[in-house]
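Thanks for coming, everyone. Please take a look at the structure on the screen, and then I'll walk you through it.

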Amino acid sequence: MDYLLAINDGLKILVGVSIFFVWVVRYQNIIEEFKLYQLPNWLRDIVGIFKITFAIMLQTTSAYLVLLGSAGIVLLMIAAQFTHFRMKTAYFKRLPSVLLMIFCLLLFLIEFSLL
């Protein structure tokens with residue numbers, strides 16, 4: 001059981017740091033990517049608000065907030081995959097969203113099993 005708690009905490013930190021890095025530190029890349037995919041600025045802003053909010057939820061001790069945050073990120077990453085598919089993006093550019101989706105799905109399953 002201790003190993004599940006360690007994996008759970010590690011995934012929370014990994015997901016939180018990666019979202020912060022991409023949506024705060026490298027925000028200019030997000031702006032360019034949304035322009036490249038011809039997505040509106042308001043959608044970029046809403047996605048950013050949701051992602052950062054969900055990442056903050058992951059850092060709480062409330063199992064229900066962690067479940068909601070991880071499920072929210074999974075849904076956003078599914079939408080990202082549809083966009084990548086629609087735009088016929090190279091597979092290596094799809095990898096970050098796939099990994100984030102897998103990490104959040106694992107986090108959801110672990111958190112659910114710890115209830």
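**A nonpolar patch and a helix crossing**

H1 gives the most to the nonpolar patch, with five residues. Keep in mind that this is a predicted model.

Who makes up that patch? Phe20, Phe21, Val22, Val24, Val25, Ile52 and Ile56 do. Together they form a nonpolar surface patch of about 600 Å². Two elements give two or more residues each: H1 and helix H3, residues 41-58.

Now, the crossing. Helix H1 covers residues 2-25, and helix H2 covers residues 27-36. Their axes come within 5 Å. They cross at roughly 75 degrees. Angles of 65 to 115 degrees count as roughly perpendicular, so H1 is roughly perpendicular to H2.

Which residues meet there? From H1, we have Val22, Trp23, Val24 and Val25. From H2, they meet Tyr27, Ile30 and Phe34. What kinds of residues are these? Seven are nonpolar, none polar and none charged.

Last, look at Val22, in helix H1. Val22 is part of the surface patch, and Val22 is also in the contact with H2.

Terms used. Residues numbered from 1 in each chain as written. Predicted model: local features only at pLDDT ≥ 70, side-chain atom pairs only at ≥ 80, totals over all residues. Heavy atoms only, no water. Axes fitted to C-alpha atoms, helices over the stretch in contact; angles between N-to-C directions. Helix = DSSP H or I, 4+ residues; strand = E, 2+ residues; numbered from the N terminus. Parallel < 35°, antiparallel > 145°, perpendicular 65-115°, else oblique. Contact = heavy atoms within 4.5 Å. Nonpolar A, V, L, I, M, F, W, Y, C, P; charged D, E, K, R; others polar. Patch = residues over 30% accessible without salt bridge, like charges linked within 9 Å, V, L, I, M, F, W, Y side chains within 5 Å. Areas by Shrake-Rupley, 256 points an atom, 1.4 Å probe, with all protein chains shown as cover. Salt bridge = Lys/Arg side-chain N within 4 Å of Asp/Glu carboxyl O.
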